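Hi there,

Here is the structure I promised to pass on to you. Have a look at it first, and then read on for my notes.

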Amino acid sequence: MWGLLGFVHSRGVFNCILLQNLFDYVEELALVTYVVSDLSFVSSRIFTLHLFRTAFYKCNPNHSDNDLSDYLTISPESMNTSSTQYVTTRTMGMYEPIHHIGMWGENFKTNGCLTTSPSTILEDDTKLDNQSEDTSHGTPESKPVDKIQRRLVQNREAARKSRLRKKAYIQQLETSRLKLIQIESELERARQQGVYVGGGLDGSSLGFPGAVNSGIATFEMEYGHWVDEQNRQVCELRTALHAHITDVDLRILVDNGMTHYFDLFRMKASAAKADVFYLMSGMWRTSAERFFLWIGGFRPSELLKVLVTQLDPLTDQQLLDVCNLKQSCQQAEDALSQGMDRLQQILTETIAGGQLGEGSYISQMSNAIEKLDALVSFVNQADHLRQETLQQMSRILTIRQAARGLLALGEYFQRLRALSSLWATRPCKPA
Amino acid sequence: MQEAMPHRTFFPATVGGRRLSSIGREAETAEEVVRGGDGGSVRSMVSENAVIVFGKRGCCMCHVVKRLLLGLGVNPAVFEINDEDEAEVIAELFAIVGGGDDGGLQLPAVFVGGKLFGGLDRVMSTHITGELVPILKQAGALWL
C-alpha cells in the first residue's frame with residue numbers, strides 16, 4: 001500500500017490540502033472515491049489513501065490503524081475492474097469534478113463503515129467537531145476558522161501517521177533484505193561444497209529443498225577434501241616415480257594411497273546410513289563419473305582393464321594372477337548385480353502390492369521402507385568388493401608397479417572429472 | 001566331464017563337473033531350496049551338505065551368495081528361514097557352531113563342509129583372493 005502511495009505521490013497527483021478542501025465541501029461524505037487527476041490513466045490505480053483514511057476515521061473514530069490496514073487490502077482484480085461502487089450520499093450532486101473509477105474491493109463493500117446511514121455519519125462528524133481545537137461550534141463567523149484549524153490539525157496528524165507507517169515499512173524491507181542476503185550467501189556456500197541443495201529436492205516431501213541432511217552435507221564436504229587430497233597424492237606419486245626414490249619411501253606413498261581409498265569407503269558407509277538413495281544416485285560425483293556408476297561407485301573390473309595396460313611389464317605369474325582377479329571380480333559383480341535386480345523386483349512387488357488405484361497405500365509404504373535397508377547392504381558390499389580388489393592388486397604387484405597403478409588410477413579419475421567440467425562449460429548450440 | 005542332463009537348466013561352464021545333489025535326491029530345479037523351520041533337520045542338513053546357505057526368506061544378500069556360488073559351479077543348498085522360525089534356527093546354528101563365538105551369527109550364513117564358513121563378506125574376500133575355490137573343492141562342493 002505504501003508503494004502505491006509513493007506512486008501516487010510521485011505522480012504529483014495527490015495534493016493533501018486540495019483534497020481536504022474538497023472533503024470539507026462534502027461534510028457528510030462517507031465514501032472513498034478515486035480521484036483521477038491524470039486522465040491518462042484510464043484503468044487508474046490511483047487512489048487517495050489520505051482521503052480514505054480521514055473518511056475512515058470520521059466513521060470509526062475509535063478504530064485503530066490495524067482496522068484501517070484491513071480495509072486497505074488491494075487485490076489486482078478489484079483494481080482493474082471499471083465498475084463503480086460507492087455509497088450514495090445526499091451531497092453527491094455537488095461533486096462534479098470527481099470521477100469515480102475503480103472499485104475499492106470486496107473489503108470495502110462488506111465493511112460496515114462505508115455503508116452506514118447518513119445519520120451515523122452525521123453523528124461521527126459532530127464528534128470529530130468536538131475534538132477539534134476550536135471549541136466554538138455553530139457560530140457562522142467562527143466556522144471558516146474552525147474549519148481551517150481542524151483541517152490543519154488533521155493534516156498534521158495524518159502526515160505524522162503516514163511518516164510513521166512509512167518508516168515501519170522501510171524497516172520491514174530492510175530486515176527482509178538482510179535476510180535475503182544471508183540466505184543467498186548460505187546457498188552459495190552450499191553450492192560450492194557440492195550442490196546437495198539442488199539434488200536434495202526429493203529430500204523433503206513438501207516439495208521445497210528443505211533441511212539439508214546433515215550426514216550428507218558432512219559427506220559432501222569430506223568428499224571435497226578427499227578429492228583435493230587425492231589430487232595432491234597423484235602429484236606426489238608422479239614426482240616420486242620420476243625422481244626414482246627408494247622402494248621404502250615409495251611403499252609409504254603406496255600405503256597412503258591405499259588408505260586414502262579405504263577412507264573413502266568408510267565415508268561412504270556412513271553416508272549410506274544417512275541417505276542411501278543419494279549415494280546411489282552419484283550426485284556427489286561429476287557427470288562423467290556418474291555415467292560409469294555401479295552401485296554407488298566405480299566398477300572394479302573396469303578399473304582392472306584400465307590398469308593392466310598401464311602396468312607393463314608384468315611377469316607371467318602376475319599376468320595369471322591379474323587374469324584370475326579380473327575373472328573373480330567379474331563374477332562377484334555379476335552376483336551383486338543379480339542381487340540388485342532381485343531387490344528391485346521385490347521392491348516393485350511390495351510397492352505395487354494390493355490394488356493400485358485405491359488411493360491408500362500405507363501398508364505398502366511401510367513394507368517398502370523395510371526393504372530399503374537392503375540397499376545399504378548392497379552399497380557396503382560393493383565398496384567391500386572395491387576394497388578387496390585394490391588390496392589384492394597391491395599383493396600381486398611390486399611396490400613400483402603398485403605406485404604406477406595408483407598414479408594411473410588417480411589420473412584416470414582426474415581425466416573423468418576434467419571431462420565433466422568441459423562438458424559443463426561447453427558452448428550451448430543455438431536451437 | 002559334463003553330463004548331459006536335459007532336464008536341468010543351464011549352468012555356466014566356468015568349472016566343469018558334476019552338480020552335487022543334496023539330501024540324496026536328484027533335484028529337478030537348478031537350485032535346491034529347502035524350506036521349513038524344523039529344528040532337528042538343521043543339524044542334519046548342515047552335516048549332509050557340502051555347501052549350505054542359511055538366509056531369511058526374500059533376503060537379497062542370500063540371493064547374491066547363491067548366485068556367486070552358482071557362478072562358480074557350486075550347487076548350494078539354500079535354507080530359507082521363515083520370520084517366525086528365525087530365532088529358533090539361529091539358536092540351532094549357534095549350537096552347531098559351538099556357541100559363544102562372535103556373539104552374533106550374521107545371516108546369510110554359509111556352511112562349508114559342515115562348518116561355519118562365514119557371511120557374504122568372507123565369501124567375497126576369499127573369492128577375490130582366490131581362496132574360495134580350493135576350499136570348496138576340499139569340501140567336495142566342486143569337482144574339477
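Let me start with chain B, which has five helices and five strands. Please keep in mind that this is a predicted model. Along the sequence, the elements of chain B come in the order β-α-β-α-β-α-β-β-α-α. Of the 144 residues in chain B, 47% are buried. Among contacts in chain B with a separation of 6 or more, 64% are between residues 24 or more positions apart.

**Strand E4 of chain B**

E4(B) pairs with strand E2 (residues 51-56) of chain B through four bridges, in the antiparallel sense. Within that pairing, Val112(B) of E4(B) has Val51(B) opposite it.

E4(B) is also joined to strand E5 (residues 115-118) of chain B, again antiparallel, by three bridges. Here Val110(B) has Gly118(B) in E5(B) as its bridge partner. The hairpin of E4(B) and E5(B) has two residues between the strands, and Gly113(B) adopts a positive phi near 60 degrees in it.

The peptide bond between Leu107(B) and Pro108(B) is cis, with omega near 5 degrees. Pro108(B) sits in the loop between helix H3 (86-97) and E4 of chain B.

**Where the chains meet**

How many residues of chain B are in contact with chain A? There are 17 of them, and they touch 22 residues of chain A. The area buried between the two chains is about 1,600 Å², and carbon and sulfur atoms give 70% of it. On the chain B side, Cys60(B), Met124(B) and Ile128(B) lose the most area to chain A, and together they account for 35% of what that side buries.

Helix H2 (60-72) and helix H4 (120-129) of chain B each supply at least two residues of the side that touches chain A. H2(B) gives the most, with eight residues. By type, the residues on this side of chain B are eight nonpolar, seven polar and two charged.

As for specific pairs, the count of salt bridges between chain B and chain A is zero. Six residue pairs are in polar contact across the interface, with both residues at pLDDT 80 or more.

**Salt bridges in chain A**

Over all chains, the count of salt bridges comes to 17. Several in chain A involve helix H17 (residues 399-424), and I would go through these one by one.

Arg238(A) and Glu411(A) form a salt bridge, with their closest N and O atoms 3.1 Å apart. Arg238(A) is in helix H10 (residues 214-243) of chain A and Glu411(A) is in H17 of chain A, so this pair ties together parts 173 residues apart in sequence. Arg238(A) is partly exposed at a relative accessible area of 28%, and Glu411(A) is partly exposed at 24%.

The side chains of Arg400(A) and Asp247(A) also meet in a salt bridge, at 3.3 Å from N to O. This pair links distant parts of the chain, 153 residues apart, with Arg400(A) in H17 and Asp247(A) in helix H11 (residues 247-274) of chain A. Both ends are partly exposed, with relative accessible areas of 28% for Arg400(A) and 44% for Asp247(A).

Then there is the salt bridge of Glu289(A) with Arg417(A), where the closest N and O atoms are 3.7 Å apart. Glu289(A) lies in helix H13 (residues 287-291) of chain A and Arg417(A) in H17 of chain A, so parts 128 residues apart in sequence are tied together. Are these two residues buried or exposed? Both Glu289(A) and Arg417(A) are buried.

**Two backbone points in chain A**

Most residues other than glycine have a negative phi. His244(A), in the loop between H10 and H11 of chain A, has a positive phi of about 55 degrees. Ile295(A) also has a positive phi, near 45 degrees, and is placed in the loop between H13 and helix H14 (300-310) of chain A. His244(A) is exposed, with a relative accessible area of 62%, whereas Ile295(A) counts as buried at 7%.

Enjoy looking around!

Best wishes

Notes
Residues numbered from 1 in each chain as written. Chains lettered and ligands numbered in written order. Heavy atoms only, no water. Contact = heavy atoms within 4.5 Å. Buried area = accessible area lost by both parts, 1.4 Å probe. Salt bridge = Lys/Arg side-chain N within 4 Å of Asp/Glu carboxyl O. Polar contact = N/O pair within 3.5 Å; in protein donor to acceptor, adjacent residues only side chain to side chain. Nonpolar A, V, L, I, M, F, W, Y, C, P; charged D, E, K, R; others polar. Pairing = 2+ DSSP bridges. Buried < 20%, exposed > 50% of the residue type's maximum accessible area, 1.4 Å probe, protein only.
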